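Have the structure open and follow along.

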Amino acid sequence: MPVRLTKPLAHAVGPHRAARDSPRRPSVHHDHVTRAGVLAGLVVLTVLTALAGCTGPGTADVPLADQPARIVAATNEARAAEGLEPLTPSDCATQVATARATALIGAATLEHAPLDDVLTGCDVSVAGENLSRATVPPEDVVDTWMGSAGHRANILDPDFTQLGVACVADGDAALCAQVFLGP
């Protein structure tokens with residue numbers, strides 16, 4: 001579940017990957033592999049990756065830098081569908097979201113931190129947070145949050161008027177923090 005002062009703490013987490021056994025060496029040794037062959041293979045792989053439009057962590061079709069704006073847009077679309085006003089961008093909430101996402105890189109689970117410092121630092125009376133680690137498009141992250149009572153409550157809370165979102169690379173996934181603020 002998400003975090004909101006006066007609400008229980010929880011979080012949304014993207015898909016977990018099971019730990020894999022360390023790779024075994026092939027049973028056949030390939031003496032014919034040379035440095036030149038390896039370099040040529042890497043060049044071909046790099047060119048194919050560039051041509052395929054791979055964008056790194058997150059999803060294959062959404063660059064990491066574009067994910068926060070798409071989460072904001074999908075969040076405001078969900079609010080509009082419920083007759084609510086859109087959330088306006090907040091530099092303070094974005095700074096908090098960036099710090100939260102960065103602090104969680106590599107964490108086994110996504111844990112919410114207290115939001116008391118956000119209330120004073122952003123000079124607001126109410127704050128909330130949704131977290132996600134996923135390899136799906138940003139719109140799917142928001143859809144998943146909308147399917148969770150606590151996250152949905154944050155997204156649709158009429159007391160929230162401002163929003164900041166940040167996404168950082170965490171292995172193959174995008175780790176995103178969504179911070180809500182109210183007057």
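Let's begin at Arg133, which sits in strand E3; helices (H or I, at least four residues) and strands (E, at least two) are DSSP runs, numbered from the N terminus. Bear in mind that this is a predicted model, where local features need pLDDT of at least 70, side-chain atom pairs count only at pLDDT 80 or more, and totals for chains, interfaces and linings use all residues. Residues are numbered from 1 along each chain as its sequence is written, and side-chain values use heavy atoms, with hydrogens and water left out.

**Around Arg133**

Arg133 has a relative accessible area of 11%, so it is buried (buried means under 20% relative accessible area, exposed over 50%, partly exposed in between, with a 1.4 Å probe and protein chains only). Its side chain makes a 2.7 Å polar contact with the side chain of Asp170. A polar contact here is a pair of N or O atoms within 3.5 Å; within protein, one must be able to donate a hydrogen and the other to accept it, and residues adjacent in sequence count only if both atoms are side-chain atoms. The Arg133 side chain also reaches the backbone oxygen of Ala107, again at 2.7 Å. As for Ala173, it is 40 residues from Arg133 in sequence, yet the two C-alpha atoms are 6.1 Å apart.

**A buried histidine**

His112 is in the loop between helix H3 (91-103) and helix H4 (116-121). With a relative accessible area of 10%, His112 counts as buried, and its side chain makes a polar contact of 2.2 Å with that of Glu129.

**The disulfides**

Searching the whole structure turns up two disulfides, a disulfide being a pair of cysteine sulfur atoms within 2.5 Å. With bonded cysteines counted along the chain, the pattern is 1-2, 3-4.

| Pair | S to S | S-S torsion | Hand |
|---|---|---|---|
| Cys92 and Cys122 | 1.9 Å | about -85 degrees | left-handed |
| Cys167 and Cys176 | 2.1 Å | about 110 degrees | right-handed |

Cys92 is partly exposed at 22% relative accessibility, while Cys122 is buried at 14%. In the other pair, Cys167 and Cys176 are both buried.

**Nonpolar cores**

Which residues touch the most other members of the largest nonpolar core? In this set of 20 residues, they are Ile71, Val142, Trp145, Met146, Ile155, Cys167 and Phe180. A nonpolar core means a set of buried Ala, Val, Leu, Ile, Met, Phe, Trp, Tyr and Cys residues joined through side-chain atoms within 4.5 Å. At least two residues of this core come from each of helix H2 (67-81), E3, helix H5 (138-146), helix H6 (149-156), strand E4 (162-170) and strand E5 (173-182). H5 supplies the largest share, four residues. There's also a second, separate core of 19 residues, with Leu110, Leu115, Leu131 and Leu175 among them.

**The whole chain**

Zooming out, the protein chain has six helices and five strands, and from the N terminus on they run β-α-α-β-α-α-β-α-α-β-β. Of its 183 residues, 39% are buried. Among contacts (heavy atoms within 4.5 Å) between residues at least 6 apart in sequence, 71% join residues at least 24 apart.
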